[in-house]
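Student: I would like a close look at a single part. Please keep it brisk.

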Amino acid sequence: MKDSRRTLLISLPVAILVIVAVFPFLWMAVSAFKPLSQLYTIPPQWLPDPPTLANFKNVLFESNIPRYFVNSLIISIGSTFLALVFAVFAAYGFARFDFRGRSAALAFVLIGQLLPTATVIVPLYIVLNYLGLINTYLGLILVYLILTLPLSVWMLTGYFRGIPKELEDAAIIDGASQLGVLFRISLPLVTPGIIAVTLYSFVATWNEFVFALSFATEKEMKTLPIGLAEFSTEFDTDWGAVMAASFVMTLPIALIFLVMQRMFVSGLMSGATKG
Amino acid sequence: MAQVALNKLVKRYGAYQALHEVDMTVENGEFVVLVGPSGCGKSTLLRTIAGLEEISGGTISIGGRVVNTIRPKERDIAMVFQSYALYPHKTVRKNMSFALKLAGVAQPEIDKAVERAAAILGLEPLLDRKPKQLSGGQRQRVAMGRAIVRNPQVFLFDEPLSNLDAKLRVQMRAEIRELHQRLGATTVYVTHDQIEAMTMADKIVVMRDGHIEQIGHPLELYDRPANRFVAGFIGSPAMNFIEGQVDASGTDRFIASDGTAIPVSARLGILKRSPAVLAIRPEDLSIVEENTPGAFPGMVSVVETTGPETIVIANSCGTRLSVVIKERSRLKLGEKVWLSADVSKLHFFEASKDGRRLAA
Ligand SMILES: Nc1ncnc2c1ncn2[C@@H]1O[C@H](COP(=O)(O)OP(=O)(O)O)[C@@H](O)[C@H]1O
Ligand SMILES: [Mg+2]
């Protein structure tokens, strides 16, 4: 009796949380398959009847969404990859080497993160323009690096600090070089951190709106979030298309989470030392 | 030939000096134990020999070659860490073969070396496990296996047994000694446990606060400690110290600070009048009948029995004296007893801070 009450006490809030979190997603998925006439009915119609693929046909064959999708993919993968490379080396340096001004540098890394987006748009525009990087993949990739690198460095620094020093000493005694230690011992052990940074960086850049709006103005360079907004005009919004495009936009994120979840190996460190 | 020689070795961490002009030689094939209280610089010393720490002064040579600036992998040493430091993502086999692989040894030879080391340590059934699937004792063995596959000239151990339970520790103590006899490699073994030092060492180096206090054979340290620190550190229960001075009246007595008189050898005339510390090992004290010549009184405050022997702690001579007796005791707390010291086994130290041994 007492047990079941406790179960209820735990499961009820969880259920509410899940519903609140998942409902918009489900509503989007369901609406994507509705014909226009069923989108605005009152009371709302729960399931499309009959389901239609018209919205998807519209989005995939008659809009610029496929092009935007590819742009987003290139930019997000590019900036995530670059962020990982830089963050691994920076974080390892911060975690392992004692150098003058280390804590100041580490604090400074975060200051960039604290500046409101609006304050950096103009300076960034001027710099990108000077370098001829407006409306290029590289331009947005570099801008997104500014966005994601600080937190990535901080996260990975924490993970690297969690590796016992003696483990690296053992590898050095075994004859590994400093880079060998990083790649053969430390990096495999911070896999959960690498995954966390990858997820964070990809999701943050995939959804980014303001920078994309400012620095990728040509049709050939626009990203998905901007593309979504194109379905809203001054007079009307094609909600069916928005829902279908949102559905398409969500797929890569869902896919990444599914794949990476399996790689989130818990207790990777256990067994290294006595405990 | 792999003699390890340290010459005026200095190590500083910023303003803090961890090692003060350490001089020490480990002969080829010798098993030397570095012992001292926690924080005295044992690990630091071992890590400088390994090349994991840069030194601030002096020289380190291995096999006659000065290695001050030579990288760890070129020093031909292997090290076993206190935490074992096994690579958690590699199997036991991979852990053990890592060094050989980095050195570019051919795979068939690596396999052979790993199998041989595994056989010596009884690790064959565990070769394909990951460290987290091993018990503490097994991990310890793998850490040793990783060291011996490489067949190094010098083995360095940093408190390898301190995470094991008491029984396993005694067993591994013997195994490490056996391994040393079999491989014959020069070994530097660090511990804070003086019993480990006494039982394992060819030669003990006692350290305190970054200084070497004494170097010698275990029994030499036990029988003739160079100063009060070594005397108190080596031996369990610890040596008794009685403050006072040798009687000036020529009757060959040591007068403790509370006035108790203890008979000492006549040769101590030279020490007359100056304050000194008389030291007696607990097993060199005995409990005797009241009228025994030279006996001095004490009051029983603790009686502990270990089975084969009994430790009696008595308030006497202005301090607490431990007495180890072989027979079972019926002594009660607060009972008055008479103590007698073996005159031929007394030690004297200066009353100063250094507490150097006084000739006797
Ligand atoms: N990296 C370091 N930086 C500053 N001080 C250190 C460092 N490593 C050790 N020490 C200091 O050096 C002294 C000796 O340490 P250690 O060699 O580890 O002692 P032990 O192994 O005998 O317990 C200690 O006081 C310790 O605080
Ligand atoms: Mg230590």
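Leaving aside its neighbours within four places in sequence, which residues is A:Arg184 in contact with?

Tutor: A:Arg184 is in contact with B:His89, B:Lys90, B:Phe98 and B:Leu102, leaving aside neighbours within four places in sequence. Contact means heavy atoms within 4.5 Å. This is a predicted model, where local features need pLDDT of at least 70, side-chain atom pairs need 80 or more, and totals for chains, interfaces and linings use all residues, while side-chain values use heavy atoms, without hydrogens and water. Residues are numbered from 1 along each chain as its sequence is written, with chains lettered from A and ligands numbered from 1 in the order written.

Now place the residue. A:Arg184 sits in helix α9 of chain A. Helices are DSSP runs of H or I with at least four residues, strands are E runs of at least two, and both are numbered from the N terminus. A:Arg184 is partly exposed because its relative accessibility is 39% (buried is under 20%, exposed over 50%, partly exposed in between, with a 1.4 Å probe and protein chains only). A:Ala171 is 13 residues away from A:Arg184 in sequence, and their C-alpha atoms are 8.9 Å apart.

Next, the helix itself. Helix α9 of chain A covers residues 178-189 and packs against α10 of chain A, residues 191-207, at about 65°, with axes 4 Å apart. The two helices are therefore roughly perpendicular. A:Leu187, A:Pro188 and A:Leu189 of α9 meet A:Thr191, A:Pro192 and A:Ile194 of α10. By class, that contact has 5 nonpolar residues, 1 polar and no charged ones.

Now the salt bridges. Side chains of opposite charge can pair when their charged atoms come close. A salt bridge puts a side-chain nitrogen of Lys or Arg within 4 Å of a carboxyl oxygen of Asp or Glu. A:Arg96 is in α4 (residues 65-96) and A:Glu168 in α8 (residues 165-173), 72 residues apart. Both residues are buried.

Chain B has its own pairs. B:Glu53 and B:Arg47 meet at 3.0 Å, N to O. B:Arg93 and B:Asp128 meet at 3.6 Å, N to O. B:Arg93 lies in α2 and B:Asp128 in the loop between α3 and α4, so the pair ties together parts 35 residues apart in sequence. B:Arg93 is partly exposed, at 26%. B:Asp128 is exposed, at 58%. Salt bridges that share partners also join A:Lys165, A:Asp169, B:Lys11, B:Arg47 and B:Glu53 into one network.

How values were computed: Axes fitted to C-alpha atoms, helices over the stretch in contact; angles between N-to-C directions. Parallel < 35°, antiparallel > 145°, perpendicular 65-115°, else oblique. Nonpolar A, V, L, I, M, F, W, Y, C, P; charged D, E, K, R; others polar.
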